[in-house]
Amino acid sequence: MNPKEYEQIDFTNVNILAKKFAQSIRKIKTKLIGKLLEYETYEVAKDEIARTLDLLDHLDENKEYFKERIGKVITFLPLNQPLYALTCFGIVPSLMATEVIVRHPKAMSRFFEDMMNLLCVNSHFPNLHISSEERETFIRKHSLCKINPDTKKRISSTK
């Protein structure tokens, strides 16, 4: 067990981090739209940024979920709306988890790396990690497994 797991979460600090990240998105909005246009239409990019900012600016609507720190979170991102998906499935969970590992779709590898660098995600959320491992390797590495003591064979418990 991680020593930080189950510690109380100070929601005031969580909310400050979320709003600070929202502000950094606003500062680079034009560049971010340019990056998102490599992957989606202008209308989708505008909508995606608006939804992301709304989520980060109104995190207090979900305050009751930020009570105790949880352990590691592992997630796969969908192909659509990469910024909003990252925020919902990676950034927000990183505010309550000891560590979050996100695997993005292979089809958006280069784009996703560029978007992460533009957003400076690592400096805002140091416990959020991005994986570009192959799907099977990622699943094997992060799935809960039981080991047969006789055969030493691993049996996934997360299927």
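Guide: Start with Phe76, which is partly exposed at a relative accessible area of 36%. Buried means under 20% relative accessible area, exposed over 50%, and partly exposed in between, with a 1.4 Å probe and protein chains only. This is a predicted model: local features need pLDDT of at least 70, side-chain atom pairs count only at pLDDT 80 or more, and totals for chains, interfaces and linings use all residues. Residues are numbered from 1 along each chain as its sequence is written, and side-chain values use heavy atoms, leaving out hydrogens and water.

Visitor: Which residue lies over the face of Phe76?

Guide: A charge sits over a ring if NZ of Lys or CZ of Arg is within 6 Å of the ring centre and within 35 degrees of the ring normal. Here Arg135 takes that place, 5.5 Å from the ring centre of Phe76.

Visitor: How many aromatic pairs does a search of the whole structure find?

Guide: Rings of Phe, Tyr and Trp (its six-membered ring) pair if their centres lie within 6.5 Å; planes under 30 degrees apart are stacked, over 60 edge-to-face, the rest tilted. The search finds four pairs. In one of them, Tyr39 and Phe111 are stacked, because their centres are 4.9 Å apart and their planes at 15°.

Visitor: Are Tyr39 and Phe111 buried or partly exposed?

Guide: Tyr39 is partly exposed at 28% relative accessibility, while Phe111 is buried at 8%. As for Phe76 and Phe138, their centres are 5.1 Å apart with planes at 75°, so that pair is edge-to-face. Phe138 is buried, with a relative accessible area of 1%.
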